[in-house]
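Hello,

Here is the structure for your files. My notes on it follow below.

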Amino acid sequence: MSAIKVLITQATGRVGKELIAHLAAARESGRDVFIRAAVHSPDKADFVKRLGADEIVKFDYAKDDTFGPALDGMTQVFSANPDPVADGHAAFCDAVGGYGKVEHAVRLSCFGADDLTASYDEKVHASMAGENIPGMLRGYWRDEKVLLKHLPKTTTTLRANFFQGHIVKPETGNIDEHGFFQSPLGETKNSFVSTNDIGEVAAISFLEGVEKHGNKFYDLTGPVPMSMHDVAADLAKALGKPVEYRAQDIDQFEKDFGPQRRAFFEYLRNGFYTRCSPDFYNVTGRKPQAFIDYLQQPGKAGETGLEDMWKAGMWSKGKNVMEGHEK
């Protein structure tokens, strides 16, 4: 098989770190793999080195002069970006196109708005008359398109459901101090996905190659839809103490996180993300990881879901990180 020379953006993220660990394991088993980890903060370099990255490169979506050195010599790219830096991601994709040597890209995304593999109309909300598809979902599709413009047949797109690790991340303080968490999702069941699974599918896509996985779109979900009461029961089991779910008013949720996040959560409240996809099984030959296993079992990068969930994340109460972006 041909050599893999991969640039991993968002290398310290929940998916990126798993991807590095899987590719490093393949290298230890004899595959010709070179891993360049793109990091925004130099203090993360030791972490990704320990995971198995061969090289660390400074990378910033707001600084296009970091794109060339990151791409130089690479033939594969794992593409991921935080929601608020879409313009920088688009500029990076233009750099990928100008570079001209990327043979295979794997893109992290989310399903619900595309008009390539489906016929979603951005002006037609799944459950609210007169509303558009949520802006965050339209943004994920936009982020796919700016890469597909340059690599239309050689991109593998991983369209993931809502991450298991994000379900209660902003509520971990409440769980620690008061034994409960709040969410506006209520009884609606969603097939939350393990980021361990996403990282594994990304690695398999690179290792098995563009011939097999190019121009493929995989919807990645968990193995079973879960309500917030189901989530509370698994958290209680993993933590070894009672955990209660308390319903949160959606208007209060909007005050906490902003209108963009609320609009996206309406799709988690209306059953749009209930279904379970077979795509993880089709790629790996087994079921996706259950939430309780995600919480308790270390991923390839060595961290359990509980450990990851209790770390600080992008979303925190009182801070609208999507301010300035369309609803």
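**Lys189 and its loop**

Lys189 sits in the loop that runs between β7 (180-183) and α7 (195-208). Helices (H or I, at least four residues) and strands (E, at least two) are DSSP runs, numbered from the N terminus. This is a predicted model, in which local features need pLDDT of at least 70 and side-chain atom pairs count only at pLDDT 80 or more, while totals for chains, interfaces and linings use all residues. Residues are numbered from 1 along each chain as its sequence is written, and side-chain values use heavy atoms, with hydrogens and water left out.

Lys189 is partly exposed, at 40% relative accessibility. Buried means under 20% relative accessible area, exposed means over 50%, and partly exposed is in between (1.4 Å probe, protein chains only). Not counting residues up to four places away in sequence, Lys189 touches Pro225, Met226, Ser227, Asp230, Tyr273 and Thr274. Contact here means heavy atoms within 4.5 Å. Tyr273 is 84 residues from Lys189 along the chain, yet their C-alpha atoms are separated by 8.0 Å.

**Thr304**

Thr304 is also a loop residue, between α13 (291-296) and α14 (305-309). It counts as buried, with 14% relative accessibility. Neighbours within four places in sequence aside, Thr304 is in contact with Tyr294, Leu295, Gln296, Gln297 and Pro298.

**The α10/α11 pair**

Helix α10 (residues 250-257) packs against helix α11 (residues 259-269) at an angle of about 140°, and their axes are 7 Å apart. That makes α10 oblique to α11. Axes are lines fitted to C-alpha atoms, for helices over the stretch in contact, and angles run from 0 to 180 degrees between N-to-C directions. Under 35 degrees counts as roughly parallel, over 145 as roughly antiparallel, 65 to 115 as roughly perpendicular, and the rest as oblique.

From α10, the contact uses Ile250, Asp251, Phe253, Glu254 and Phe257. From α11 come Pro259, Arg261, Arg262, Phe265, Glu266 and Arg269. These residues divide into 5 nonpolar, no polar and 6 charged. Ala, Val, Leu, Ile, Met, Phe, Trp, Tyr, Cys and Pro count as nonpolar, Asp, Glu, Lys and Arg as charged, and the others, Gly among them, as polar.

**Cysteines**

How many disulfides are there? The count comes to 0, with a disulfide taken as a pair of cysteine sulfur atoms within 2.5 Å. The sulfur of Cys110 is 15 Å from its closest cysteine sulfur, in Cys276, so it is too far for a bond. Cys110 is buried, at 10% relative accessible area. Cys276 is partly exposed, at 37%.

Best regards
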